[in-house]
Amino acid sequence: MNQTLRLARMIDLLEKQGELKANDLALQLGVSMEIVRKDIHLLCMHGLAQKVYGGAIARNAGTETQLELRNSHQDQKSLIARAAISLIQDLQSILLDSGTTRLEQQASFSSIQPVGSCFEQLAFLVCETLVVMLKEHLKLSDEDLLRRHANLE
């Protein structure tokens, strides 16, 4: 079966079932998994499908791209970010996930240090805990820390 016929069949399945299962497609179309993956990739590039584990799903309002998510609901994200920021006290540390509201929060901090992976977040928490323990052991106040370390805000 040529690519045009395969793609037409895949689009038809997406419209009827809302999903494509790569294993089933390879059997139904009599082609290799590599060809199915390439065809799914082509559908995704044209905005007709979204890749998921084992295949693809129909591209609809429930499967917004990262750019669409980032640009949606800006007013609500700003309100959420401002409310979250108002809860943070001096010398407190927070971890931000990778959600799009985080971008709004980042814009409000002059000294934000984004942390990428779970490992980095854990390392950050361990370091913060050590700082607090040392501060207590040395009987230092927050003001003492600010005086000693100009990079703290």
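Is leucine 130 buried, partly exposed or exposed, and at what relative accessibility? I looked this up first, keeping in mind that I'm working on a predicted model. Leucine 130 comes out at 45% relative accessibility, so I put it down as partly exposed; the cut-off for exposed is over 50%.

**Around leucine 130.** I traced leucine 130 to helix α7, which covers residues 118-137. Leu130 belongs to a nonpolar surface patch together with Leu122, Val126 and Met133. I noted about 390 Å² of accessible area for the four together.

**Aspartate 144.** Next I went to helix α8, residues 142-148, where aspartate 144 sits. Aspartate 144 has 19% relative accessibility, so I have to call it buried, given that the cut-off is under 20%.

I moved on to the strands. Three of them make an open sheet, ordered β1-β3-β2, with antiparallel pairing.

**One pairing in detail.** How many bridges join β2 and β3? I found four, in the antiparallel sense, with β3 spanning residues 55-58. I picked out lysine 51 and looked for its bridge partner in β3, which turned out to be alanine 56.

Conventions
Residues numbered from 1 in each chain as written. Predicted model: local features only at pLDDT ≥ 70, side-chain atom pairs only at ≥ 80, totals over all residues. Heavy atoms only, no water. Patch = residues over 30% accessible without salt bridge, like charges linked within 9 Å, V, L, I, M, F, W, Y side chains within 5 Å. Areas by Shrake-Rupley, 256 points an atom, 1.4 Å probe, with all protein chains shown as cover. Salt bridge = Lys/Arg side-chain N within 4 Å of Asp/Glu carboxyl O. Helix = DSSP H or I, 4+ residues; strand = E, 2+ residues; numbered from the N terminus. Buried < 20%, exposed > 50% of the residue type's maximum accessible area, 1.4 Å probe, protein only. Pairing = 2+ DSSP bridges.
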